Amino acid sequence: MKNYPWLKKQYKNIVMKYINKKLHPIILIHAYPGMGVSQLIYKVSQWLLCLKKNKLHSCNQCTSCIFIKKRNHPDLYQKNIYKIKKKISIDDIRQIIINIQKTSQQGGVKIVYIKKIQNITIEANNALLKTLEEPPKNTLFFYLPIIWKKFIIH
């Protein structure tokens, strides 16, 4: 978070809500590109999945932290859409749903992170909504719709 000091308060807020068992399992974060919100979700995910948490920070040394650093943690399900017109399909969502119905691989929480959630198809949205009505235990969902700033030149 050192590159995004303005997000430290949000990081602490999310972590404290989780500690106090007041964090809603579905978290929607609105942001402009470049604001560092993906880094915020990454750091929160690392803390949530860390096996040896140090109060508000992850240990950076346990197996989970190493998996997070290598971007292949088995309990972190990400769907990042890089192309503007690419859609999140029902097959993408079905695969995530199948995975989160299972027990977590590391024995902790499971995290679903979908960037550009506005690119989801109607069918995928309906499938996802059914899961969100009764989310699996110990599963958190982070949704990040990208807000593109439009410039008007006169």
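# Reading the terms on this model

User: Which residues is Ser 58 in contact with, leaving aside its neighbours within four places in sequence?

Analyst: Leaving those neighbours aside, Ser 58 is in contact with Gln 46, Trp 47, Cys 50 and Cys 65. Contact here means heavy atoms within 4.5 Å. The model is predicted: local features need pLDDT of at least 70, side-chain atom pairs count only at pLDDT 80 or more, and totals for chains, interfaces and linings use all residues. Residues are numbered from 1 along each chain as its sequence is written, and side-chain values use heavy atoms, with hydrogens and water left out.

User: Why is Ser 58 called buried?

Analyst: Buried means under 20% relative accessible area, exposed over 50%, and partly exposed in between, with a 1.4 Å probe and protein chains only. Ser 58 has a relative accessible area of 14%, therefore Ser 58 counts as buried.

User: What makes the pairing of the Ser 58 and Gln 46 side chains a polar contact?

Analyst: A polar contact is a pair of N or O atoms within 3.5 Å; within protein, one must be able to donate a hydrogen and the other to accept it, and residues adjacent in sequence count only if both atoms are side-chain atoms. The two side chains make such a contact at 3.5 Å. Ser 58 is found in the loop between α2 (37-49) and α3 (63-69).

User: How many helices and strands does the protein have?

Analyst: Five helices and four strands. Both are DSSP runs numbered from the N terminus: helices are H or I with at least four residues, strands are E with at least two. Along the sequence they follow the pattern α-β-α-α-β-α-β-α-β. Of the 154 residues, 42% count as buried.

User: How do you know that the length of helix α1 agrees with its number of residues?

Analyst: The expected span is 1.5 Å times one less than the number of residues. Helix α1 (residues 8-19) has twelve residues and should span 16 Å; its end C-alpha atoms are 16 Å apart, which agrees. The buried residues of α1 are Tyr 11, Ile 14 and Val 15. These cover an arc of only 95 degrees, and therefore sit on the same side of α1. The arc is that of the directions from the helix axis to the C-beta atoms. What covers the buried residues of α1 includes α2.

User: Which residues of α5 are buried, and why are they said to line one face?

Analyst: The buried ones are Ala 124, Ala 127, Leu 128, Thr 131 and Leu 132. Seen down the axis of α5, they fall within an arc of 140 degrees, so they line one face of the helix. On the other side, Ile 122, Lys 130 and Glu 133 are exposed. The cover over the buried residues includes β1 (26-28), α4 (90-100), β3 (110-115) and β4 (139-144).

User: Why does Leu 132 count as buried?

Analyst: Its relative accessible area is 15%, and the limit is under 20%, so Leu 132 is buried. Not counting residues up to four places away in sequence, Leu 132 touches Ile 26, Phe 141 and Tyr 143. Leu 132 and Pro 25 are 107 residues apart in sequence and 8.8 Å apart in space, C-alpha to C-alpha.

User: What is the order of the strands in the open sheet?

Analyst: The order is β1-β4-β3-β2, with parallel pairing. The edge strands are β1 and β2 (76-79), each pairing on one side only. Two strands pair if DSSP finds at least two bridges between them.

User: How many bridges join β2 and β3?

Analyst: They pair in the parallel sense over four bridges, which meets the requirement of at least two.

User: What makes β3 mostly covered?

Analyst: Five of its six residues are buried. β3 and β4 pair in the parallel sense over six bridges, and the partner of Val 112 in β4 is Phe 141.
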